[in-house]
Amino acid sequence: MSSITASAPTEAPKKAETSDVVLVTGATGGVGRRVVDVLRKKGVPVRVLVRNAEKARTMLGPDVDLIIGDVTKGDTLDPKYFKGIKKVINAVSVIVGPKEGDTPDRQKYSQGIKFFEPEIKGPSPEMVEYLGMQNLINAVKESVGLSEGKLLFGFKGNLCGKFVWGALDDVVMGGVSESAFQIQPTGSETGEATGLFKGTVSTSNNGGFTSIRTKNFTVPEDLSAYDGVELRVKGDGRRYKLIIRTSYEWDTIGYTASFDTTKGEWQSVRIPFSSLIPVFRARTATDAPPFDASNITALQLMFSKFEYDGKLNPTFAEGQFELPFSSIRAYINEPITPRFVHVSSAGVTRPERPGLDLSKQPPAVRMNKELGSILTYKLKGEDLIRESGVPYTIVRPCALTEEPAGADLIFEQGDNITGKISREEVARLCVAALASPSAVGKTFEVKSTVPFSEPFVIDPSNPPPEKDYEVYFKELKDGITGKEALEGTPALV
C-alpha cells in the first residue's frame with residue numbers, strides 16, 4: 001500500500017501538450033464531465049463520445065466537439081471518426097439507479113448504492129462493460145497506437161504477403177543497374193524467413209541507383225499514432241535510403257531518409273518521421289506539404305550513388321550488394337505514456353474470490369449477480385484493455401462521492417481496499433496519468449484517507465494544493481491486478 005499526504009509539487013507543473021486531441025467517453029457522467037473540465041482548464045483539445053448530443057451540449061457547452069455513438073453498438077463507432085485522437089479517457093459505465101426512482105437532481109444516486117435498493121438501468125453490464133469495451137478498443141486502436149508498435153512488414157503469420165515489392169531501377173533513366181526482392185526462408189538472425197533487397201548497381205549510361213518499391217497500398221496506412229519507422233536489417237557497410245510515399249501518383253515527392261549500416265551485423269535502424277526530407281528526382285522539394293503520417297501509400301528501399309541536391313553517397317561502390325531486412329515496424333518514442341486511461345471499479349476481482357467475507361464488502365460485491373454480474377464484466381473489460389497492446393492505465397476508484405478533491409489518498413494494488421473517493425479527484429488523477437510513463441501498464445485501486453462517517457470539506461478561499469500524482473504512480477508495480485487471488489498464483493512484487 002502506498003499512502004501519501006497531499007503536498008505541493010516539487011517543481012512547477014508542466015504545461016500540458018496541446019497538440020493531441022483527447023477523447024473522453026462517458027463524458028456526461030459524474031467522472032466524465034469532470035474530466036472534460038480538467039482537460040479544458042489545462043488547454044487540451046477535447047472530443048467527447050456521447051449518445052445524446054442535446055444532453056452533451058446542455059451539460060458541456062454548445063461548442064463541445066462531439067462524436068455521436070454508442071459503445072454497445074459497434075456500427076456507430078466508425079474508426080474514421082476517431083482520426084486525430086491520440087489519447088482516450090474512458091469513463092463509460094453501466095448505469096445503476098434506485099429501483100424506486102430518484103429525485104430530478106439524482107440525490108439518491110449521489111449518495112451511492114449503499115443507501116438505496118439498486119438495479120441496472122439501460123443496457124446490461126455485459127453489453128456496456130464487455131462488448132462495449134471491445135467495440136471501443138476496435139474503434140480507437142489504430143488512432144492511439146500500440147506499445148510494441150505496428151508491424152508493417154515481417155514474417156509473423158501471413159504478414160509477409162501484405163506488401164508486393166517490385167524493382168524500380170535506373171533503367172527508367174537509361175541505366176543498366178538491376179535489383180530484386182526475394183524471400184530467404186532461413187535468412188533471418190533467428191533462422192526464420194526474411195526479405196532480401198539485392199542487385200547489381202552500375203554507373204554506366206549515367207545510371208547509379210537501384211530500388212525496390214511496394215505496390216501502392218489498397219488502403220493507405222495511418223501511422224499518425226507513431227513517431228517513426230524501425231527497420232531490422234543485416235548491414236553491409238553501405239548507406240541506403242528509405243522513401244515513404246503519401247500519394248498514389250507514381251512520379252511524385254517521396255519523403256526520404258538515408259541510413260548507414262554496419263557490415264555483417266543485424267541492427268535496428270530507427271527513422272523518425274521528423275527526419276524525413278521531401279525529395280523529388282534527387283532534389284529537395286522546398287515547397288512540399290508537410291509529411292502526413294496518416295496517409296502512407298507505399299514504401300521504397302534504395303541504394304544509390306546520389307544523396308540529394310548533387311551530393312554523393314560516401315559508401316557507394318559499383319557491383320553487387322545485398323540487404324536482408326526481417327521487419328519494418330512503426331514505433332512510439334520512449335518513454336511511452338498511457339494512451340488509454342480507463343475508470344473501472346475497486347472490487348472487480350472479489351465476487352468469486354475464495355474465503356472472502358462478503359458481509360464486509362461493498363454492496364456491488366455482495367450484489368454482483370443481482371446487478372447482472374456487473375463487476376465480473378468490468379473485470380472482463382479490463383482484460384480486453386490489457387490484451388489489446390494499447391498503452392493503458394486502469395484506475396479502480398472505491399465508492400465515488402460528490403465531495404471536493406483534495407483529501408489525502410491511498411493507492412493500493414491487489415484489489416483489497418474499501419472506502420470512498422471524490423469524483424473530482426478521480427478526474428484529476430486520470431488526466432495526470434496521461435502524461436506519466438510510470439502509469440503505463442498499471443492497474444490500481446485508490447481511495448481517500450477520510451472514512452465514510454466523516455464528510456470531507458474544504459475552505460474555497462484556501463483550497464488544498466494540487467497533488468503531484470507522479471509520486472503515487474512511481475510506487476506502482478507491474479502485473480498486479482487482484483486476479484492472482486482468483487487464479488491461486490502469487491502476486492508479482
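Predicted model: local features only at pLDDT ≥ 70, side-chain atom pairs only at ≥ 80, totals over all residues.
**Figure 1. The whole chain, before we zoom in.**
The protein chain has nine helices and 26 strands. It is made of 493 residues, and 51% of them count as buried. Look also at how the chain meets itself: among contacts between residues at least 6 apart in sequence, 75% join residues at least 24 apart.

**Figure 2. Helices α4 and α6, side by side.**
Here you can see helix α4 (residues 125-144) packed against helix α6 (residues 374-388), with 7 Å between their axes and an angle of about 15°. Angles under 35 degrees count as roughly parallel, and α4 and α6 are therefore roughly parallel to each other. Their crossing is right-handed. On the α4 side, the contact is made by Pro 125, Glu 126, Glu 129, Tyr 130, Met 133, Gln 134, Ile 137 and Lys 141. On the α6 side, try to find Ile 374, Tyr 377, Lys 378, Lys 380, Gly 381, Leu 384, Ile 385 and Ser 388. Sorted by class, this contact of α4 with α6 holds eight nonpolar, five charged and three polar residues.

Helix α1 (residues 32-41) and helix α7 (residues 423-433) cross at roughly 50°, and their axes come within 8 Å. α1 and α7 are therefore oblique to each other. As α1 passes α7, the crossing is right-handed. From α1, the residues in the contact are Arg 34, Val 35, Val 38 and Leu 39; α7 brings Arg 423, Glu 424, Ala 427, Arg 428 and Val 431. In the contact of α1 with α7, five residues are nonpolar, four are charged and none is polar.

**Figure 3. Two nonpolar cores.**
Which residues have the most contacts inside the largest nonpolar core? They are Phe 197, Leu 231, Phe 259, Phe 325 and Ile 328, in a core of 39 residues. The elements giving two or more residues to this core are β8 (150-153), β11 (194-201), β13 (228-234), β14 (239-245), β15 (254-260), β16 (266-272), β19 (298-304) and β20 (319-331). Strand β20 gives the largest share, five residues. Another core, of 38 residues, lies apart from this one, and Ala 27, Leu 60, Leu 409 and Leu 434 are among its members.

**Figure 4. Arg 239 and its contacts.**
Arg 239 is found in strand β14. With a relative accessible area of 22%, Arg 239 is partly exposed. Leaving aside neighbours within four places in sequence, Arg 239 is in contact with Ser 258, Phe 259, Asp 260, Phe 303, Glu 307, Asn 313, Pro 314 and Thr 315. Take Pro 314 as an example: Arg 239 and Pro 314 are 75 residues apart along the chain, while their C-alpha atoms are separated by 7.9 Å.

Pro 123 lies in the loop between β7 (118-121) and α4. Is Pro 123 buried, partly exposed or exposed? Its relative accessibility is 30%, so Pro 123 counts as partly exposed. Not counting residues up to four places away in sequence, Pro 123 touches Arg 51, Thr 72, Val 94 and Val 128. Val 94 is 29 residues from Pro 123 in sequence, yet the two are 7.2 Å apart in space, C-alpha to C-alpha.

Most peptide bonds are trans, and most residues other than glycine have a negative phi. The bond joining Glu 334 and Pro 335 is a cis peptide bond, with omega about -5°. Pro 335 is in the loop between β20 and β21 (340-343). Now back to Asn 206: its phi is positive, near 65°, in a residue other than glycine. Asn 206 is exposed, with a relative accessible area of 75%. Ser 373 is not a glycine either, and has a positive phi of about 55°. You can find Ser 373 in the loop between α5 (363-366) and α6. At 21% relative accessibility, Ser 373 counts as partly exposed.

Note on methods: Residues numbered from 1 in each chain as written. Heavy atoms only, no water. Axes fitted to C-alpha atoms, helices over the stretch in contact; angles between N-to-C directions. Helix = DSSP H or I, 4+ residues; strand = E, 2+ residues; numbered from the N terminus. Parallel < 35°, antiparallel > 145°, perpendicular 65-115°, else oblique. Left-handed = near helix turned anticlockwise from the far one by under 90°. Contact = heavy atoms within 4.5 Å. Nonpolar A, V, L, I, M, F, W, Y, C, P; charged D, E, K, R; others polar. Core = buried A, V, L, I, M, F, W, Y, C linked by side-chain atoms within 4.5 Å. Buried < 20%, exposed > 50% of the residue type's maximum accessible area, 1.4 Å probe, protein only.
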